[in-house]
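Open the model in your viewer and keep the selection tool ready.

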Amino acid sequence: QELALKALGNEGLFLFSSLDTNKDLYLSPEEFKPIAEKLTGVAPDSESEEEETPDPDGETLSIVAKFQPLVMETMTKSKDGFLGISHVALSGLRNWTAPAVPMSVLFARQFKAFLPPKNNLDLGEPWWIIPSELNIFTGYLSNNRFYPPPPKGKEVIIHKLLSMFHPRPFVKTRFAPQGAVACLQASSSFYYTVAFRIHAEFQLNEPPNFPFWFSPGQFTGYIVLSKDSSHVRDFRLFVPNNRSLNVDMEWLYGASESSNMEVDIGYLPQMELESTGPSIPTVIHDENGNVLASRVPSGEPIQFVFEEITWQQEIPWQEAAHRLEVAMYPFKKISYLPFTEAFERAQAEKKLVHSILLWGALDDQKQQQSSCASSVAGSGRTLRETVLESSPILALLNESFISSWSLVKELEELQKSPLICFLCQIHHINANDFLDITSMKPEDVESSIFSFSTNFEDPSTATYLQFLKEGLHRAKPYLQH
């Protein structure tokens with residue numbers, strides 16, 4: 001390491017380390033591949049990219065990309081005119097104004113990865129297309145990377161699709177939960193509608209600049225395809241834009257993993273892929289194998305009339321999306337309602353509101369620190385990966401609380417409108433205080449404040465459980481009216 005630093009300097013070692021994925025201080029041909037492709041402009045075919053070669057006479061699907069760049073004014077650092085932030089750091093973001101590939105033609109069979117692993121799955125029963133390999137115990141992947149690893153297996157089609165937006169998609173995110181999950185939304189004799197959710201991110205910068213990570217909250221969508229994947233009737237993939245903030249961004253300011261990092265959030269109006277119509281064959285044969293019609297690449301497509309699909313089983317999109325959300329985030333086994341709706345429900349059911357206030361989304365693949373029951377303010381990632389997934393916490397929340405989470409920005413907007421009801425905060429805990437307590441050993445915490453029963457060895461679970469119970473105790477006078 002010292003010799004490498006002496007030979008390359010800080011910036012050179014930083015670039016070298018970003019390519020040296022196994023950290024053995026040697027670059028294998030596979031590790032050097034991104035630089036070779038950058039210098040030569042040629043990307044050789046990878047044997048690992050396809051599990052099987054699609055039939056050249058098979059059906060093809062045309063996909064169009066729709067993209068509106070991030071609204072820079074929605075970034076928190078825009079309020080002071082990006083003071084202290086170098087123009088170079090944001091160059092990859094500012095220059096990304098259009099999709100890398102506006103239109104692409106893919107074989108229908110390439111979408112085989114979206115088929116369920118077995119035929120007898122119930123509607124809404126989730127399965128993993130790309131399993132998540134990270135959790136709170138495994139830690140996170142390195143920020144010091146510029147080029148995605150070569151996709152393998154079912155990652156290939158998702159990588160191809162996301163590459164239409166930007167040339168450097170990372171199919172596996174640095175943070176949990178990673179991957180892609182799917183479930184059946186509808187089924188007929190010959191077709192499936194598959195709903196899916198993907199957690200992926202993009203690297204917007206290249207050397208000599210430092211890494212800039214662009215992480216949409218999620219990609220979701222659906223595909224209607226035949227059970228043998230020979231035909232795709234419809235396809236759509238998009239980043240939801242229904243909340244005021246839907247993208248996290250992180251960028252480094254130095255040539256090491258421990259360098260200072262800036263973090264921000266913003267709003268992306270549109271990031272979407274959509275099929276232009278059903279997949280169509282390039283060649284039509286008669287029953288004897290003779291070619292009846294064909295289409296040259298530059299010619300008009302063969303005209304077809306497609307039969308209408310009669311669905312035998314079907315669930316609403318909202319239910320399918322919720323099943324995928326719970327698969328990614330077990331804490332969503334209980335419902336989290338919008339802020340005002342939560343108070344209306346709590347009043348009707350005579351329960352307390354358990355409200356979490358955050359700078360970034362609680363149920364998107366990443367979000368920033370800050371979070372407010374009773375109310376809690378704190379780190380959403382820490383909460384959702386620990387206490388909010390705990391069985392005793394889930395049971396108490398389900399029994400005695402109506403839960404809600406909100407963005408700070410949304411409550412700021414709500415403040416501008418007159419509220420009909422008067423809200424009374426019974427109890428709250430700040431994230432920093434909570435994290436300080438949960439980092440201590442149980443025997444070091446004063447029993448008069450937080451008592452750790454033998455049933456809950458985890459300090460964070462015991463602390464949060466006590467917090468909720470204290471809120472219930474303080475609320476008795478209010479709930480009795």
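In which strand is Val283 found? Select residues 283-285: this is strand 14, and Val283 is in it. Strands here are DSSP runs (E, at least two residues) and helices are too (H or I, at least four), numbered from the N terminus. This is a predicted model, where local features need pLDDT of at least 70, side-chain atom pairs count only at pLDDT 80 or more, and totals for chains, interfaces and linings use all residues. Residues are numbered from 1 along each chain as its sequence is written, and side-chain values use heavy atoms, leaving out hydrogens and water.

Stay on Val283. Its relative accessibility is 18%, so Val283 counts as buried (under 20% relative accessible area; exposed is over 50%, partly exposed in between; 1.4 Å probe, protein chains only).

Next, select Phe111 and Phe235. They have the most contacts inside the largest nonpolar core, which has 89 residues. Such a core is a set of buried Ala, Val, Leu, Ile, Met, Phe, Trp, Tyr and Cys residues joined through side-chain atoms within 4.5 Å. Domain 2 (59-286 + 302-325) and domain 3 (330-478) both contribute residues, so this core lies between them. The domain bounds come from an automatic or database assignment.

Finish with helix 8 (residues 391-400) and helix 11 (residues 459-479). They pack at about 15°, with axes 10 Å apart. Axes are lines fitted to C-alpha atoms, for helices over the stretch in contact, and angles run from 0 to 180 degrees between N-to-C directions. Helix 8 is therefore roughly parallel to helix 11 (under 35 degrees; over 145 is roughly antiparallel, 65 to 115 roughly perpendicular, the rest oblique).
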